[in-house]
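Please read the following report alongside the sequence and the three-dimensional model.

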Amino acid sequence: MGPWILNEKYIRREKMNPVVLTFLGVSGPYPGSDDLPSVLLTYGRTNILLDAGEGIQSKLLKVGKSVTSINAVLITHMHGDHVLGLVPLIQSRSLAGSTTPLYLVGPEGLYEYLICSFKNLYFEPGYKTGVFEVSPQAEEGISKEVEIVDLVNALPTQPAGDTPLLKFSISKNSLLRLGNDVYVKPFEVKHSITVLAYRIDIKSRLEGRNVSICYVTDTLPLEETVKECYGVNVLIHDSTFASDLNDKALEYKHSTSIKAAEIALKSHAEMLVLYHISPRYKDKLKLLSEARSLFEHTYIVEKYWKLYIKG
Ligand SMILES: [Zn+2]
Ligand SMILES: [Zn+2]
């Protein structure tokens, strides 16, 4: 048994506060899909969404989470399958009466997208929303030192102006802190447009635990990912195609399951979850067995599955 396989009963008995990943959608895009990429990371009262595919607010209700419980959303890129659920989520959170801040992290263009959407929808969120854009220019010529950005403290210090949506440009070397225990490190990967991947470290001094997760989707397999995801408990990696469609993976800048396994192996991850699998694969076992031939602890998950991580 790995450190990640726990059931609810065990957790209740041990009075544990585990890190829980709830998969809300795991597939690549197709018309009418309700399986678009999004993962909910829960740790105590912190709820972080990784990407926001369409229909995310009703999916949260399905897994017993209210939209008001979401503290932060990390967006990888501005392709519709990863971001089209965000505007309705922000709107629903407001309609549900939430007054607590929301922290959004994403690539350049996210702020403009939200401002345009809300202007044309005649809507404004009823709470402060910090949009932290990882700016490619912010890095050039500036120190390579990691800069810690405290999301909670950053937000109220900015003048609100006439919109509750506040934009912050952060450098690629930023380490984002959310609360006392949660650290988020964005890093850039390679796709047809700018894409960010995220490493999330939960360091609880109180509980003496350190749980790490890497969320890497819509990208070619990269050495950069090996470096950034070194030693993580769980690596969630793009696995759009099986190895017979390696040419397509290169053309559309995605990964095959065997390449995802190679990244997991090289980065000494404890577990690999194959993600963003093309809907052409009715039987996903082909992808699983290919990956497992290289990296044994590879798994395929379905929508609404939960993964408990003890750390
Ligand atoms: Zn995608
Ligand atoms: Zn994409």
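In sorting residues by class, Ala, Val, Leu, Ile, Met, Phe, Trp, Tyr, Cys and Pro count as nonpolar, Asp, Glu, Lys and Arg as charged, and the others, Gly among them, as polar. On that basis the lining of the largest pocket divides into four nonpolar, eight polar and four charged residues. This is a predicted model, in which local features need pLDDT of at least 70 and side-chain atom pairs count only at pLDDT 80 or more, while totals for chains, interfaces and linings use all residues. Residues are numbered from 1 along each chain as its sequence is written, chains are lettered from A and ligands numbered from 1 in the order in which they are written, and side-chain values use heavy atoms, with hydrogens and water left out.

**Pocket and cavity**

Both kinds of space are found on a 1 Å grid over the protein atoms alone: a cavity is a set of points where a 1.4 Å probe fits but cannot get out, a pocket is an open set with protein on both sides within 12 Å along at least five of seven lines, and lining residues have an atom within 4 Å of a point. Grid points are joined across faces, edges and corners, and a volume is the space filled by probe spheres set on the points. The largest pocket has a volume of about 240 Å³. Of the 16 residues that line this pocket, Pro29, Thr240, Tyr252, His254 and His276 are the closest to its centre.

By the same rule there is one cavity of 30 Å³ or more, and the largest cavity holds about 30 Å³ of space. The residues lining the largest cavity are Ile48, Ala72, Leu74, Val105, Leu151, Leu176, Leu178 and Val184, a set with eight nonpolar, no polar and no charged residues. Strands β4 and β9 (174-178) each supply at least two residues of this lining; helices (H or I, at least four residues) and strands (E, at least two) are DSSP runs, numbered from the N terminus.

Donors are N, O and S atoms within 2.8 Å of the metal (3.2 Å for Na, K and Ca), and water is not among the atoms, so sites may look incomplete.

His82 and His276 are both buried, where buried means under 20% relative accessible area, exposed over 50%, and partly exposed in between (1.4 Å probe, protein chains only).

The two zinc ions are 3.6 Å apart, and Asp218 coordinates both. Asp218 is found in the loop between β12 and α7, is buried with a relative accessible area of 2%, and has a phi near 50 degrees, a positive value in a residue other than glycine.

**Other residues and helix α4**

Tyr122 likewise has a positive phi near 50 degrees, but Tyr122 is exposed, with a relative accessible area of 79%.

Helix α4 (residues 86-95) is mostly covered, with seven of its ten residues buried. Its buried residues pack against elements including β3 (46-50), α2 (56-62) and α5 (110-120), contact being defined as heavy atoms within 4.5 Å.

In strand β13 (residues 234-238) lies His237, which counts as buried at 0% relative accessibility. Among the residues that His237 touches, not counting those up to four places away in sequence, are Val216, Thr219 and Tyr275.
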